[in-house]
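Let's take a walk through this protein chain together. Keep the structure open beside you and follow along.

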Amino acid sequence: MDNKDSEAEIHPLKTEDVKAQENHENFVERRIIIKQSSQLSRLSRWRTAAFFISLFLCLIIVFAFSFIIPCPERPISERTWFQYYENAVAYQFLAIEDVNKDKVQDVIFAFRASNGSSNFNSTCWDEGLPSPCAFLAAVSGTNGKVLWEKPAAKEVEWMQCGIRQLGEASELGCLVVGKPASLTALSQKTGDVQWRQSNDFGANYTVLTPLSVIPDVDSDGVQDLIIFVATGDKIKTFIHSGRNGNKIGSTESHSVGGKAQYISLNIGSSSYFLFYTANSVYAYSLKELYSAATGMENSLPSLEQDPLWERNIDPTTHRFYLPSSGDIHYLAKIPGASRDNVLVVSSEMATLINPQNLQTLWTLNMSHVMSEPRLGYYKPDVLGVVLESEIGPNRKKVMIVEGGSGAVQWDLKLNSRAESPGLATLSTADHRSTFLIWGEYKVAGNETGSTAPQQKLYLFHPSYTNVLLELRNNTDQIIAFNATLFERSRHACYVLLTGPQPGEEPGLVSLMKRKLKEDVSESKVIWLSQVAVDSEQYIRDRLYRMRFHSRV
């Protein structure tokens, strides 16, 4: 310390120079820092300004385009609509498809008249057909507006829609089997005729339905069609190109010994057709039918044969044994965990069979089945089979049977007309089903009467096992009935086609779509037992709020 003081006394000017130099350096550093801070501050302000300008421009663009290109609006579906045709008769066909691609299901049906509706002014002569003739019409599911209307044939033997790759177009199509024998393919979207082919099915024939689509066997890139026609005790096989309707190969006949029906079944990678009469079942592989018609072999995987089934098919008669007793009324495919099982409904019982090993899964004693089995869900995600059987004059019994075990889950006895429509089911959000049943419910002890049963539509849901809702009482002649979800997982509706049928005097044909909730809110609550769990209005309100679900 003394040394520093002594040096400061000896060299006073040198100390002042050092201090001045340090002060100058500090000053320069402060100016640099201030300058850098100023530059950073200006850069930050420019960045902030650029961000807000970009945000402002984006908002301007978004708001501008929101008015120029508005978001697509969901179609507003009318709760109820009607479409009328005067001086006409209607066929028993109803197809539910999205025709105009608005994500709402539409209705396709067939009627016979001299002219179409006033909306299109189409005539039979437009397609070179004699008058009157059969028309196909597509009606919008949203408001009942006619989307298209086309003359298709002189008479309609069968109509089937939703067929993929029919004709040159890659869109869905409808195939009409007409009388005299003809095949007409129409675009499902526009109704335009894709192709038309005349055919010779022979005399007194019956087309076995539904028609079957098979893989592309003529290598033209479009799947093909196989049609079975019954004439007496023989089945004729016709294979047609899906692209242009041309016949592939020759016509083959097979003896079945009686009036036949059929189902198609896939066994692994093999395709089989089961023809059944009252007494017998006959099995043919697609490979054998194709080879017989064309005289050629085909290496497609679906044309393979199953060894077990081939061992059980009689090589001469093609008879195929399925465990059952009594006269066979129906064969039906019942979806299983990994495959379709076969339900054999006979005059004495219903038997479910595993087609992989031909073993019986369950049997149920029942008789006089009136209609083809339907599918529904009484328990959550547990598939059930709905069977209707005759139990007396103008009397029927409806049973819901568990698909896995054959146990009866619920049953109901009703008065019923012979021409009463079959039932329908709709999947609900609780993984069960709503069942729509036609008939007339009478309390115990008052089941029979001198008058013909009325045609009433009832709703049943498994959440109330002792309740029916009476939705409507229909007095017109019902030709066809169906129920579906017109939009995905919503808008549950039923469709009624009423009026005269072919062979009757022409009159007023009516097509109606009605939202199910409209009838539920005004329905009559019927107690199947004396135990009333909730009030009637509470039940109506709860079933009105019920949500639906589109199963894949």
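Ser131 has a relative accessible area of 38%, and since that falls between the 20% and 50% cut-offs, it counts as partly exposed. This is a predicted model, by the way, so read everything here as coming from a prediction. You'll find Ser131 in the loop between strand 2 (106–113) and strand 3 (133–139). Setting aside neighbours within four places in sequence, Ser131 is in contact with Ser114, Cys124 and Trp125. Look at Ser114 in particular: 17 residues separate Ser131 and Ser114 along the chain, yet their C-alpha atoms are 5.2 Å apart.

Now zoom out for a moment. The protein chain has 6 helices and 32 strands. Of its 552 residues, 47% are buried. And if you take the contacts with a separation of 6 or more, 50% of them are between residues 24 or more positions apart.

What sits in the interior? The largest nonpolar core has 35 residues, and those with the most contacts inside it are Leu274, Val281, Trp309, Phe320, Leu322, Leu331 and Leu343. Strand 17 (residues 328–335) gives the most to this core, namely 5 residues. Another core lies apart from it, with 26 residues, including Val107, Cys124, Val139 and Leu497.

Not counting residues up to four places away in sequence, Leu274 touches Gln261, Tyr262, Ile263, Leu265, Val281, Tyr282, Ala283, Trp309, Phe320 and Leu331. Several of those names come up again in the hairpin of strand 14 and strand 15. Strand 14 (residues 261–267) and strand 15 (residues 270–276) run antiparallel and are joined by 7 bridges. Across that pairing, Tyr262 stands opposite Phe275 in strand 15. The hairpin has 2 residues between the strands, and Gly268 takes a positive phi there, near 65°.

Tyr262 and Phe275 also belong to one aromatic cluster, together with Phe228, Phe273 and Tyr284. How are the rings of Phe275 and Tyr284 arranged? Their centres are 6.0 Å apart and their planes are at 75°, so this pair is edge-to-face. Both Phe275 and Tyr284 are buried.

For a contrasting geometry, go to Trp410 and Phe460. Here the ring centres are 3.8 Å apart and the planes are at 15°, so the pair is stacked. The pair links distant parts of the chain, with Trp410 in strand 24 (residues 408–415) and Phe460 in strand 27, 50 residues apart. Trp410 and Phe460 are both buried. Counted over the model, there are 21 aromatic pairs.

Arg551 lies over the face of Tyr377, 3.7 Å from the ring centre. Lys513 does likewise with Phe486, at 5.3 Å from the ring centre.

Last stop: helix 3 (residues 286–294). Which of its residues are buried? Leu286, Leu289, Tyr290, Ser291, Ala293 and Thr294 are. An α-helix has 3.6 residues a turn, so residues three or four places apart point the same way. What covers the buried residues of helix 3 includes strand 10 (212–214), strand 11 (224–231), strand 12 (234–240), strand 13 (252–255), strand 15 and strand 16 (281–285). Helix 3 is followed by Gly295, and the phi of Gly295 is positive, near 70°.

Definitions and conventions:
Residues are numbered from 1 along each chain as its sequence is written. This is a predicted model: local features need pLDDT of at least 70, side-chain atom pairs count only at pLDDT 80 or more; totals for chains, interfaces and linings use all residues. Side-chain values use heavy atoms; hydrogens and water are left out. Rings of Phe, Tyr and Trp (its six-membered ring) pair if their centres lie within 6.5 Å; planes under 30 degrees apart count as stacked, over 60 as edge-to-face and the rest as tilted. Buried means under 20% relative accessible area, exposed over 50%, partly exposed in between (1.4 Å probe, protein chains only). Helices (H or I, at least four residues) and strands (E, at least two) are DSSP runs, numbered from the N terminus. A charge sits over a ring if NZ of Lys or CZ of Arg is within 6 Å of the ring centre and within 35 degrees of the ring normal. A nonpolar core is a set of buried Ala, Val, Leu, Ile, Met, Phe, Trp, Tyr and Cys residues joined through side-chain atoms within 4.5 Å. Contact means heavy atoms within 4.5 Å. Two strands pair if DSSP finds at least two bridges between them.
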